[in-house]
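Please look at the structure below before reading on.

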Amino acid sequence: MQPTFRNTFSICSITLILLGCAHQTYFAKPLDAAQSARKLSQKSLDNPEFRAYLVRNGVADTAIPFQSWDLSTLTHTALFYHTNLVVVKEKLALAEYSIQAAGLKPALGINGTIARSDRANGDINPMSYGLQVDIPFETTAKRAVKVEEAQHLAEVARMDAAEIAWQLRHQLQIDLIDYRAHQHQLTLLQQEVALYRQLVDMLQKRVATGLGSNTELAQYQLLLQKSQIQLRNESAKTDGYKIKLAADTGLSYAQFNIIPIAPLTETITAQAQSEITAQTLQTDALTNRIDIRRGLARYAVAESKLKLEIAKQVPDITLTPGYIFEFGDRIWSLGLGTLLNLLQQQPTLIHEAELLRTIEGAQFEALQASVIAQVEQVHAQYQLAITTFEHAKESHAAQRLYIASIQKQFDAGLIDRVALTQAQLVLSVANQDLNNATFDVLKKRALLENVVQRPLPYDNATLRTVKHDE
């Protein structure tokens with residue numbers, strides 16, 4: 001009997017211990033800097049995974065591969081390739097998996113003992129064998145509260161990912177506006193240089209025939225030189241703008257430069273501010289902004305932490321059934337274990353959780369106040385940009401009327417081409433002023449969208465249309 005029992009005890013104990021052990025194998029995954037660099041350099045618009053991603057996100061097959069860069073194509077590319085978004089996606093995956101981990105039940109415990117006596121008390125059997133199982137029981141809904149907290153933390157991670165995605169779009173929008181403004185400025189400067197050259201050529205012919213002034217010629221030669229320097233400096237910035245856009249998408253400059261950046265249409269539009277009130281923007285921002293929703297999620301996390309500490313006032317219990325073969329006697333037992341809060345730790349932890357909740361509430365109110373201030377500030381800047389644009393547009397219209405009258409005088413033979421070209425230079429300055437004002441409106445509108453963190457709707461009834469003269 002004794003060897004049989006001893007063997008049975010040993011087999012059962014070993015089997016239970018093995019069943020309680022994990023059997024997942026560790027695999028090393030070291031980082032290789034060279035391989036990582038090659039992976040980054042191999043990002044391509046022809047990547048099949050990228051194509052599948054575009055199809056999943058509603059891009060038509062006919063639009064793949066991209067033929068040009070605009071805000072939509074830039075944003076799709078950045079959301080797939082930019083490393084910042086890859087990082088937050090991995091953090092989000094971890095946070096969502098933590099929900100499952102929070103819902104795991106407490107593990108069972110098992111204890112086994114073996115002892116041998118010297119039979120000093122005349123024991124029937126010198127051997128003693130014991131087996132004990134620890135079965136934990138939660139007295140309150142602690143696990144449900146932990147799952148709730150993990151869900152709120154996952155929501156925080158989700159808002160972090162959404163914020164990174166929005167920041168990428170906003171940065172692309174700003175950089176694209178800067179690039180297009182730069183391209184329009186280049187065109188206007190080229191027109192200005194061409195006008196100055198025409199004027200200098202005509203004045204040189206006048207001076208050569210003794211009909212012109214060297215002083216006037218020198219003045220326009222100096223203005224031509226300044227305009228050429230300005231054009232050269234502006235032209236040198238082109239690659240910088242494109243490199244910045246490439247970095248925003250997560251592509252290398254070589255890959256980005258494979259397709260062109262789509263220009264604006266001949267008509268540049270700017271949204272009037274009549275339907276965009278500060279109150280409307282505040283309402284949208286205070287309910288839809290990503291950081292507002294994240295603040296609510298963080299407050300919910302603090303609430304869950306407090307609920308968990310309150311639930312911990314009732315300690316968990318552990319049932320411990322056991323069986324012992326002790327020196328010839330067979331004994332069964334049932335134990336009960338728990339924790340004693342003799343040091344009054346839980347009230348302290350509850351108060352700490354209450355303070356954390358209060359802090360989160362105060363931070364949320366501070367965030368809302370900051371959002372209101374941002375909305376008012378950016379809306380005022382947008383209104384100022386609209387006003388400046390309207391003044392530039394009126395000035396441009398006046399200059400066009402003036403040029404029209406000068407052209408009639410030239411056609412009638414009342415003035416010469418020098419006077420006509422001088423008037424065209426004045427219109428060139430008005431064109432540049434209108435160009436700057438127009439793109440400033442577009443940039444302020446982008447900042448306004450960033451305040452509410454969503455694209456603003458366009459209403460054709462409130463569009464102001466401006467056409468630039470070639």
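## Arg206

Arg206 is found in helix α6, which covers residues 142-208. Helices (H or I, at least four residues) and strands (E, at least two) are DSSP runs, numbered from the N terminus. The model is predicted: local features need pLDDT of at least 70, side-chain atom pairs count only at pLDDT 80 or more, and totals for chains, interfaces and linings use all residues. Residues are numbered from 1 along each chain as its sequence is written, and side-chain values use heavy atoms, with hydrogens and water left out.

Arg206 counts as partly exposed because its relative accessibility is 27%. Buried means under 20% relative accessible area, exposed over 50%, and partly exposed in between (1.4 Å probe, protein chains only). Leaving aside neighbours within four places in sequence, Arg206 is in contact with Leu211, Gly212, Asp416 and Val418; contact means heavy atoms within 4.5 Å. The C-alpha atom of Arg206 is separated by 9.3 Å from that of Leu217, eleven residues apart along the chain.

## The whole chain

The chain has 13 helices and six strands. Of its 470 residues, 35% are buried. Among contacts with a separation of 6 or more, 80% are between residues 24 or more positions apart.

## Nonpolar cores

A nonpolar core is a set of buried Ala, Val, Leu, Ile, Met, Phe, Trp, Tyr and Cys residues joined through side-chain atoms within 4.5 Å. The largest has 25 residues, and Trp69 and Leu245 touch the most other members. At least two residues of this core come from each of α3 (48-56), α4 (71-81), α5 (83-102), α6 and α8 (238-249). Helix α6 gives the most, with six residues.

Leaving aside neighbours within four places in sequence, the contacts of Leu245 include Leu74, Leu172, Tyr179 and Phe256. A second, separate core has 19 residues, among them Phe364, Val441, Val452 and Leu456.

## The largest pocket

On a 1 Å grid over the protein atoms alone, a pocket is an open set of points where a 1.4 Å probe fits, with protein on both sides within 12 Å along at least five of seven lines; lining residues have an atom within 4 Å of a point. The largest pocket has a volume of about 730 Å³, where volume is the space filled by probe spheres set on the points, which are joined across faces, edges and corners.

Of the 18 lining residues, Ser36, Lys39, Leu40, Lys43 and Val86 are the closest to the centre of the pocket. Helices α2 (33-41), α4 and α5 each give two or more residues to the lining.
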